[in-house]
Amino acid sequence: MLKQRIITALLLLAVLLPAMFHSSIGPFAALALLMVGAAGWEWARLNGCGASVSRVVGLALGLLMLAFWWWGGLGRGWFPVWAAASAMWLLLALVMLRRGVAGWQAWPALPRLAVGLVLLACAWLALVQARQIGLVFLLSILTLVWAADIAAYAGGKAFGRRKLAPTLSPGKSWEGAISGFVGVGLLAGFWLWFDARYGAGAPSLFSRLWDAGPLWLVLAVVFLTATSVVGDLLESLVKRGAGMKDSSQLLPGHGGVLDRVDALLPVLPVAMLLTQLLET
């Protein structure tokens with residue numbers, strides 16, 4: 001299993017890094033488009049669609065985003081979209097994490113499917129526009145999610161006693177969540193140092209927050225870290241409702257696309273919302 005994980009990770013990096021560092025946004029946007037189409041297919045499966053219908057849903061989502069790109073949507077500002085997507089994630093966190101799997105399953109299948117597809121589309125747009133702002137900006141968002149996840153795992157293993165959401169994700173603990181906050185706080189320090197030393201043309205998310213005031217940075221770190229946890233827990237809720245361990249087996253050793261990006265999905269629109277609020 002470990003060998004399989006390593007091989008898959010190396011193959012993904014071999015595709016992702018050249019696209020991410022390319023001078024044109026095209027390769028990265030296209031790769032992200034493939035990912036969101038695959039995630040749409042997985043989401044349809046998690047919500048009871050059959051094999052053929054799930055493939056159609058994933059393909060349709062990808063084609064819609066492609067048409068949006070062709071229309072010129074990547075060159076426009078989407079503050080209302082970030083605000084609406086952030087509000088939807090907050091509502092899901094407040095309602096569905098309290099109601100649990102039974103509450104989610106009580107929803108009709110079509111609204112569940114539609115909400116997820118809309119949020120996936122918003123995440124794709126946020127991901128690509130974050131790269132348009134700058135590579136450092138995008139990397140700061142990605143590393144925020146990775147740092148929160150790694151620190152939470154390490155802290156939970158070392159100190160975890162009190163379960164955070166035992167019915168959804170038994171491995172998560174309050175101690176792990178606090179470790180995640182600490183990890184992201186340390187990461188913020190790194191990015192502030194990096195931006196100050198190397199003077200990147202498009203600074204990281206953390207430097208933008210710091211320039212608005214230290215309190216902005218502290219509050220945003222707490223909120224964004226909590227948001228990443230929400231994304232992870234909500235996907236666990238959906239998978240439990242569907243009776244599935246992984247969203248798919250597209251990525252050998254890693255599960256599916258949703259399994260790899262669940263924590264990132266809510267963080268992206270929230271990060272874009274905060275950035276545009278600071279700009280205005």
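**Helix packing and aromatic pairs**

In this predicted model, helices H8 and H9 cross in a right-handed manner. H8 spans residues 205-212 and H9 residues 214-242, and their axes lie 5 Å apart at an angle of about 135°. That angle makes H8 oblique to H9. On the H8 side, the contact is formed by Leu205, Phe206, Leu209, Trp210 and Ala212, while H9 contributes Pro214, Trp216, Leu217, Ala220, Val221 and Leu224.

Turning to the aromatic side chains, the whole structure holds 12 aromatic pairs. One of them joins tryptophan 43 and tryptophan 104 in an edge-to-face arrangement, with 6.0 Å from centre to centre and 65° between the planes. This pair bridges distant parts of the chain, since tryptophan 43 sits in helix H2 (residues 26-46) and tryptophan 104 in helix H4 (residues 79-106), 61 residues apart. Tryptophan 43 is buried, at a relative accessible area of 11%, and tryptophan 104 is likewise buried, at 4%.

A further pair brings together phenylalanine 190 and phenylalanine 194, whose ring centres are 6.0 Å apart; the planes meet at 35°, so the pair is tilted. Both residues belong to helix H7 (residues 174-198), where a spacing of 4 residues separates them by about one helical turn. Phenylalanine 190 is partly exposed, with 37% relative accessibility, and phenylalanine 194 is also partly exposed, with 22%. Beyond this pair, a cluster linked by ring pairs takes in Phe190, Trp191, Trp193, Phe194 and Tyr198.

Methods. Residues are numbered from 1 along each chain as its sequence is written. This is a predicted model: local features need pLDDT of at least 70, side-chain atom pairs count only at pLDDT 80 or more; totals for chains, interfaces and linings use all residues. Side-chain values use heavy atoms; hydrogens and water are left out. Axes are lines fitted to C-alpha atoms, for helices over the stretch in contact, and angles run from 0 to 180 degrees between N-to-C directions. Helices (H or I, at least four residues) and strands (E, at least two) are DSSP runs, numbered from the N terminus. Angles under 35 degrees count as roughly parallel, over 145 as roughly antiparallel, 65 to 115 as roughly perpendicular and the rest as oblique. A crossing is left-handed if the near helix is turned anticlockwise from the far one by less than a right angle, and right-handed if clockwise. Contact means heavy atoms within 4.5 Å. Rings of Phe, Tyr and Trp (its six-membered ring) pair if their centres lie within 6.5 Å; planes under 30 degrees apart count as stacked, over 60 as edge-to-face and the rest as tilted. Buried means under 20% relative accessible area, exposed over 50%, partly exposed in between (1.4 Å probe, protein chains only).
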